Amino acid sequence: MSFTFTTLKTAIQDYLESSETSFTNNLDNFIKSAEERILKSVQLDVFRKNVTGTATASNTYLSAPSDYLSPFSLALVDGSNNYNYLLQKHVSFIRDYTPAEATTGEPKYYGEFDDNTFILAPTPDSNYTFELHYFYRPASLTAAGDSGQTWLSENAPIALLYASLTEASIFLKMDPAETGLYNQRFEDALARLKNTAEGAGTQSQYRYDQVRIPIT
């Protein structure tokens, strides 16, 4: 079982027996909300990628990629191509660690300043190359065209369907019990998806909250 953009829209209308204009006009929104809910509920290795960027001397901020969702690790790559992993901290820790942005050095910590920006501490004393390993937000099924598919529509169709039905039934102000049924079916499918993700990701890995120990 899998969905294209068209077949998922048709399924939503068939399940909820509605083709009313305002309802159909919001089908894209139901699907986008469903995708967002899934992506923020389970971390899937398929949605991980690496990018490199440069932090500028005396600038405590580092831009995040446009498709950034959440971090896995951030490493400073030195001239010998050694990776020095930064520890992720809350912005309040960053501010307390370096109250004055003029305090410079090799960054040891980073935090999510906002949705588009990281903050580094201490402020870089030179231009540094960083490699960010992160979870990204994939393109929505709604942007794939009528016959298009995405990883979620092919590999997690039940979760995507019932998350969409939950959003759509709320829009229709349906009986809470029926909405709850769709939501429970979504939760069940999400649990299976999490089991799959956890089973595929049991190997040892360095994360932002782990310290690299040299092998001697």
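**Entry 1: the open sheet**

I began with four strands that form an open sheet, ordered β2-β8-β7-β5, with mixed pairing. The edges are held by β2 (61-63) and β5 (87-88), each with a single partner strand, so one side of each has no neighbour in the sheet. For my own reference, strands (E, at least two residues) and helices (H or I, at least four) are DSSP runs numbered from the N terminus, and two strands pair if DSSP finds at least two bridges between them. I then checked β5 against strand β7 (residues 109-114): they pair in the parallel sense over two bridges. The bridge partner of L87 in β7 is Y109.

A note on what I am reading: this is a predicted model, where local features need pLDDT of at least 70 and side-chain atom pairs count only at pLDDT 80 or more, while totals for chains, interfaces and linings use all residues. Residues are numbered from 1 along each chain as its sequence is written, and side-chain values use heavy atoms, with hydrogens and water left out.

**Entry 2: strand β3**

How many of the ten residues of strand β3 are buried? I found ten of the ten in β3 (residues 68-77), so the strand is largely enclosed by the rest of the structure. Here buried means under 20% relative accessible area, exposed means over 50%, and partly exposed is in between (1.4 Å probe, protein chains only).

Next I looked at the neighbours of β3. Eight bridges join β3 to strand β10 (residues 128-136), and the two run antiparallel; within β10, E131 is the bridge partner of A75. Strand β4 (residues 83-85) is also antiparallel to β3, joined by three bridges, and there L76 has N84 as its bridge partner. β3 and β4 form a hairpin with five residues between them, and N81 in the turn has a positive phi of about 65 degrees.

**Entry 3: salt bridges**

I counted a salt bridge wherever a side-chain nitrogen of Lys or Arg is within 4 Å of a carboxyl oxygen of Asp or Glu. By this rule the count is six.

Which residues does E36 bridge to? One is K40, with the closest N and O atoms 3.0 Å apart, and another is R137, at 2.7 Å. E36 lies in helix α3 and R137 in the loop between β10 and α5 (151-155), so this pair ties together parts that are 101 residues apart in sequence.

R37 lies in helix α3 and E187 in helix α7 (residues 176-200), so the pair ties together parts 150 residues apart in sequence. Salt bridges that share partners join E36, K40 and R137 into one network.

I looked up A34, which lies in helix α3 (residues 27-39) and is buried, with a relative accessible area of 0%.

Then T56, in the loop between β1 (48-55) and β2, is partly exposed at 42%. T56 and T129 are 73 residues apart in sequence and 9.1 Å apart in space, C-alpha to C-alpha.
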